[in-house]
Amino acid sequence: MAMVLAAVTAPPSHLPHAISNSDSFTHHRRLLLFLNSCTCMSQLKQLHAQTIRTTSSHHPNTFFLYSRILHFSSLHDLRYAFRVFHQIENPNSFMWNALIRACARSTDRKQHAIALYHRMLEQGSVMQDKHTFPFVLKACAYLFALSEGEQIHAQILKLGFDSDVYINNSLVHFYATCDRLDFAKGVFDRMSERSLVSWNVVIDAFVRFGEFDAALNLFGEMQKFFEPDGYTIQSIANACAGMGSLSLGMWAHVFLLKKFDADRVNDVLLNTSLVDMYCKCGSLELALQLFHRMPKRDVTSWNSMILGFSTHGEVAAALEYFGCMVRTEKLMPNAITFVGVLSACNHGGLVSEGRRYFDVMVTEYKIKPELEHYGCLVDLLARAGLIDEALDVVSNMPMRPDLVIWRSLLDACCKQNAGVELSEEMASRVLEAEGGVCSGVYVLLSRVYASASRWNDVGMVRKLMTDKGVVKEPGCSSIEIDGVAHEFFAGDTSHPQTEEIYSALDVIEERVERVGYSPDSSQAPMVDETIDGKQYSLRLHSERLAIAFGLLKTKPGMPIRIFKNLRVCNNCHQVTKLISRVFNREIIVRDRVRFHHFKDGACSCMDYW
């Protein structure tokens, strides 16, 4: 046994150059033993040389040895693997598959996987098998090679592999990656057999497309057949983050703690997804508790926490954690880290700090600014009234500004009363970027005209919207009560408890008026209505209905969490501060941009949003 171990460490150099037929089986077996124990390329090359010198290329066992040499080299030295492959006469399907798989997994040779597959077809000497297709589809997914993947799908159907669960899982992943969720779901629906992986792949696809309700419905269906694993929990956490479902996110976390071993419970990627979920569901405290309990944290974990602080308006904490990440933990920040840092500066109105961190990103960390970084800087400058400087940044950007940047400038022009002409220019830029169908731009422009008492132009904007078929995006707010999400639109009367909600609104209105509330009618509809009409429309904004329902259905002292699809208007922001004080409730509102924590008559945004 000791002699065998010694031979494994370094293959003997004294093997004879020729082996008799009676000893060939033993010799091939010894070489195979050395190959299976091989630990590095230098050993493999010695064994490869021994194989060439001491075996016959026509012996059937030699062919198997070459398959092992190719397999090992494909995992450690792809260039050498290609050289081995080209020396093999009539390689079998295992050899083709080994090389295709290695290319599909490589960082810079994924296109070679598709090229090899085509060569395999052209030569026609070897038939593809069930292992070939998952490997080549993986490469197609990474390269977004939709046309090539569809041709491979046709070949799968032709050869009768359409019932293979592993191949179908790869097809679902391929189509989802190539933005064809309909095709991915079609493959999944036609599968005669599904594994847990099948469900995980399709659920993750729906989550990445923002189809959170559909993903959760699939999750419910999946539980009839399989228990969730770590990948399922990660997808569900991401879905909960997207739709703000704190109760289901907490259930997923508890399920993880109860059902999985310590390695999975402490998994960095899984815990980071849960931290992100708690941040996006409005519970910064739970996110912070979990973050500090994590035994190991990577850059993504820190990024999630910094972004969480930023969106919740905890500017000082975001910058403090960035400092801890780079100075104490010695981690290298990436582009996403600086999106969080610059967003924090933006939410806090920290112009000097924002400029400095942008420069640090470029000069110290050599990170090339992307559109998101420029967007943060432009919004920071414009909202601080430095519109000319913001325009200079836009004009010097190395890439074309997107809709978000132009809309930030338009919004700043409206808030800073920058003038009708500049606002019109920004509006035209947004409409050009969006194709003329962005309803928010028409609303903002109408407010610019209204503030200048140009009522004819206000009417012109409304007519233009009608002529172009542009409909103002309705405000929608949701609130979760006992695990059930309730949605409200502005002026909504469809809820089963509408009568109670509107009675609660009357009580709220009366109590906040006692402490000095006066409606800001500039946030009402864009036509020149009566003051009474404007004030009535304001009290029916979607978040007001959701808050009324929350006061009716939650216990005194419990926080009320609202999620809104649009930015909170000035009037609703003011009245929500008063409601938090009068009713002694913390009200957490996530709008399109950030979180607002209303408590004791104040907001975490410090009225800067």
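**Exercise 1.** How near do the axes of helix α22 (residues 351–363) and helix α23 (residues 371–383) come, and at what angle do they cross?

*Solution.* The model is predicted; local features need pLDDT of at least 70, side-chain atom pairs count only at pLDDT 80 or more, and totals for chains, interfaces and linings use all residues. Residues are numbered from 1 along each chain as its sequence is written, and side-chain values use heavy atoms, with hydrogens and water left out.

Step 1. Two packed helices are described by the angle between their axes and the distance between the axes. Helices (H or I, at least four residues) and strands (E, at least two) are DSSP runs numbered from the N terminus. Axes are lines fitted to C-alpha atoms, for helices over the stretch in contact, and angles run from 0 to 180 degrees between N-to-C directions.

Step 2. The axes of α22 and α23 come within 10 Å and cross at roughly 160 degrees. The two helices are therefore roughly antiparallel (under 35 degrees counts as roughly parallel, over 145 as roughly antiparallel, 65 to 115 as roughly perpendicular and the rest as oblique).

Step 3. The crossing of α22 and α23 is left-handed, meaning that the near helix is turned anticlockwise from the far one by less than a right angle; clockwise would be right-handed.

Step 4. On the α22 side, Val351, Gly354, Arg355, Phe358 and Met361 meet His373, Tyr374, Leu377, Leu380 and Leu381 of α23, contact being heavy atoms within 4.5 Å. By class there are 7 nonpolar, 2 polar and 1 charged residues (Ala, Val, Leu, Ile, Met, Phe, Trp, Tyr, Cys and Pro are nonpolar, Asp, Glu, Lys and Arg charged, and the others, Gly among them, polar).

**Exercise 2.** Characterise the packing of α14 (residues 230–243) with α17 (residues 268–280).

*Solution.* Step 1. The axes come within 8 Å and cross at roughly 20 degrees; α14 and α17 are therefore roughly parallel.

Step 2. The crossing of α14 and α17 is left-handed. Among the contact residues are Ile233, Ala237 and Ala241 of α14, and Leu270, Leu274 and Met277 of α17. The contact divides into 8 nonpolar, 4 polar and 2 charged residues.

**Exercise 3.** Describe the span and surroundings of helix α12 (residues 196–208).

*Solution.* Step 1. The 13 residues of α12 reach 18 Å from first C-alpha to last, close to the 18 Å expected at 1.5 Å a residue (1.5 Å times one less than the number of residues).

Step 2. Of these 13 residues, 10 are buried (buried is under 20% relative accessible area, exposed over 50%, partly exposed in between, with a 1.4 Å probe and protein chains only). Trp199 and Phe206 are among the buried residues of α12.

Step 3. The buried residues of α12 pack against α10 (165–177), α11 (181–190), α13 (212–222) and α14. Just after α12, Gly210 takes a positive phi of about 80 degrees.

**Exercise 4.** Is Asp379 buried or exposed, and which residues does Asp379 touch?

*Solution.* Step 1. Asp379 is found in α23 and counts as buried at 12% relative accessibility.

Step 2. Leaving aside residues up to four places away in sequence, Asp379 touches Asn346 and Ser408.

**Exercise 5.** Where do Asp179 and Asn584 lie?

*Solution.* Step 1. Asp179 lies in the loop between α10 and α11, and Asn584 in the loop between α32 (570–582) and β4 (587–590).

Step 2. Although not a glycine, Asp179 has a positive phi of about 65 degrees; Asn584, also not a glycine, has a positive phi of about 55 degrees.

Step 3. Asp179 is exposed at a relative accessible area of 57%, and Asn584 counts as exposed at 56%.
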